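Visitor: I am new to this structure. Please show it to me, and then let me ask about it.

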Amino acid sequence: MRICKFSASRWITLAVAASAALAVGCSSNNGAADDSALTQQNITVAASPAVDLAGLYIAQDDGLFARQGLHVTIEQIPSSQVVGAQLKGQVDISAQSYLPYIEAQAAGARFRILAEASTLKSGTRTLVVTAASHITSIAGLVGKKIGVNGTNSIGTLLTSALLEEHGISPKRVEFITDPKGYPAMPAQLQTGSWGAALLAEPYVTIAEQDYGDQELADMDQGATENFPMDGYVATQAWAEKYPKTAAAFVRAIQEGQTIADTEPLVVQAAIAKSDDLPRQVTATMAPPGFPTGPVNAQTIQRVAEVMLEFGALGKQYSAEVDQGTLIRSMIS
């Protein structure tokens, strides 16, 4: 575990986080939880190492969960299996893109977004091509295969929105899902079976450093600028059964988020440790935004609207999306 030496700026950072926790009604008199009041102290969080979740790994490394009386175990579960595992009670909280939760909520499941994890910033999601590629513009993607990390994933939606803004129907490209996800995609792009790949940091940086790949387009533009990416989510049943535990988790995450938002070197260290990455990667990777404070329904609403527009949600959910009731049902 990394030993933290708290500077004056770090104490200011934690004070800001404590203020954010007060805003959502989750603080105690001294900023730490009363352990005896927690009905569940041992919790399992499903998450994969990614810069978008730096707040989680910082909270773990810096003992912020322990200060709240929590013992957190982080388990890596394939993103396609997270929702099912959570509904079965195999994990307590999970952290990933909002898409599968919104889709499950529309179908009748009941999830609650506890805290926001990340928002899109320049360089954090990028369409890349090989150094030898003849594709030099968005128009050059027509008729090509684009590698993504999941079917109807956030990558698929971001790319679809980009194509649409350039007057190209997403139906004119073929999305190919790599079952091994982002870690395998930079190497797969080199085989020539794809025309481009939508990568997330730190794999954008890895693709550039290891293979000389070139950026074709940054996703942080137009309709998807500052787009909400990942969140920390529990089932409503769990959140209602363990409200004090959920509140303690949020307090710790708010501190981790604030540190991530203000101290990039701490983000680099946390991701280097969690994802076993070399310093030359973490030192140059682009960080996302790290939201703090109460979950913003209007922010998450953007995700539902894009899902509806590009078919990740069926038209039968149009009214719920348009009226905002679907997203509001996920936020306490």
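Guide: One term before we start: contact means heavy atoms within 4.5 Å. This is a predicted model, where local features need pLDDT of at least 70, side-chain atom pairs count only at pLDDT 80 or more, and totals for chains, interfaces and linings use all residues. Residues are numbered from 1 along each chain as its sequence is written, and side-chain values use heavy atoms, with hydrogens and water left out.

Visitor: How many of the eight residues of helix H2 are buried?
Guide: Helices (H or I, at least four residues) and strands (E, at least two) are DSSP runs, numbered from the N terminus. Buried means under 20% relative accessible area, exposed over 50%, partly exposed in between (1.4 Å probe, protein chains only). H2 spans residues 54–61 and is mostly covered. Its buried residues number seven.

Visitor: Which residues of H10 does H2 meet?
Guide: On the H2 side, the residues are Ala54, Gly55, Leu56, Ile58 and Ala59. Their partners in H10 are Phe249, Ala252, Ile253, Gly256, Gln257, Ile259 and Ala260.

Visitor: Are H2 and H10 roughly parallel or roughly perpendicular?
Guide: Axes are lines fitted to C-alpha atoms, for helices over the stretch in contact, and angles run from 0 to 180 degrees between N-to-C directions. H2 and H10 pack at about 110°, with their axes 8 Å apart. Angles under 35 degrees count as roughly parallel, over 145 as roughly antiparallel, 65 to 115 as roughly perpendicular and the rest as oblique. So H2 and H10 are roughly perpendicular.

Visitor: Are the rings of Tyr182 and Tyr203 stacked or tilted?
Guide: Rings of Phe, Tyr and Trp (its six-membered ring) pair if their centres lie within 6.5 Å; planes under 30 degrees apart count as stacked, over 60 as edge-to-face and the rest as tilted. The centres of Tyr182 and Tyr203 are 6.4 Å apart, with the planes at 15°. Therefore this pair is stacked.

Visitor: How many residues apart are Tyr182 and Tyr203?
Guide: Tyr182 sits in the loop between strand E7 (174–177) and helix H7 (185–189). Tyr203 belongs to helix H8 (residues 203–211). The pair links distant parts of the chain, and the separation is 21 residues.

Visitor: What is the relative accessible area of Tyr203?
Guide: Tyr182 is buried, at 12%. Tyr203 is buried too. Its value is 10%.

Visitor: Which residues form one aromatic cluster?
Guide: A search of the whole structure finds five aromatic pairs. One cluster is made of Phe65, Tyr232 and Phe249.
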